[in-house]
Amino acid sequence: MRKHLVTVAIVLTVVAIFVVALMLGAAHGDQGGTDAAAGAAIESSGYRPWFELPFRIPGGEVESGLFAMQAALGGIVLGFVVGKLHERRKGKRA
């Protein structure tokens, strides 16, 4: 019973942190991402690239596809590791 109360308390704490963070962020009205902020800071500093790429990178579809592929590979590796640990624990019990 005590374990369940601790779990519920942790979940409620995490939810409260997210709600407070969203409320504080909404109060300032600044919901821009860090990528945009970094790009703006770099452009305003007068930075010039060292070289130009010999080809143009296609639009956002390729970027989204690469991100999805990275997430899928991470999920596969995580699932493999969790499965191995589960089987190892099951083998020790037997």
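1. Lys 90 has a relative accessibility of 44% and therefore counts as partly exposed, a class that lies between buried (under 20% relative accessible area) and exposed (over 50%), judged with a 1.4 Å probe and protein chains only. Glu 87 and Lys 90 are three residues apart in helix α3, so about one helical turn separates them. The structure holds one salt bridge.

2. Please keep in mind that this is a predicted model, in which local features need pLDDT of at least 70 and side-chain atom pairs count only at pLDDT 80 or more, while totals for chains, interfaces and linings use all residues. Residues are numbered from 1 along each chain as its sequence is written, and side-chain values use heavy atoms, with hydrogens and water left out.

3. On confidence, the protein chain averages a pLDDT of 85, and 91% of the residues score at least 70; pLDDT is the predictor's confidence in each residue, on a scale from 0 to 100. The lowest confidence in the chain falls in α2, with a mean of 82, and the highest in α3, with 92. Where pLDDT is low, the predicted coordinates should not be read in detail.

4. The protein chain has three helices and zero strands, both taken as DSSP runs numbered from the N terminus, with helices (H or I) of at least four residues and strands (E) of at least two. The radius of gyration of the protein chain is 22 Å, well over the 12 Å that the globule rule gives for 94 residues, so the chain is more spread out than a compact globule. That radius is taken over C-alpha atoms, and the rule is 2.2 Å times the number of residues to the power 0.38. Along the principal axes, the C-alpha atoms fill a box of roughly 60 × 40 × 20 Å.

5. Buried residues make up 0% of the 94 residues in the protein chain. The accessible surface of the chain comes to about 9200 Å², and 69% of this belongs to carbon and sulfur atoms; such areas come from the Shrake-Rupley method with a 1.4 Å probe, and for residues only the protein chains shown count as cover.

6. A nonpolar patch on the surface is formed by Ile 42, Tyr 47, Trp 50, Phe 51, Leu 53, Phe 55 and Ile 57, which together have about 910 Å² of accessible area. Patches are made of residues with over 30% relative accessible area and no salt bridge, like charges being joined within 9 Å and nonpolar side chains (Val, Leu, Ile, Met, Phe, Trp, Tyr) within 5 Å. Ile 42 is found in helix α2, which covers residues 34–44, and is partly exposed, with a relative accessible area of 44%.

7. The C-alpha atoms of Gly 65 and Phe 80, 15 residues apart along the chain, are separated by 22 Å. His 86 also lies in helix α3, and its C-alpha atom is separated by 38 Å from that of Thr 34, 52 residues away along the chain.

Technical notes:
Salt bridge = Lys/Arg side-chain N within 4 Å of Asp/Glu carboxyl O.
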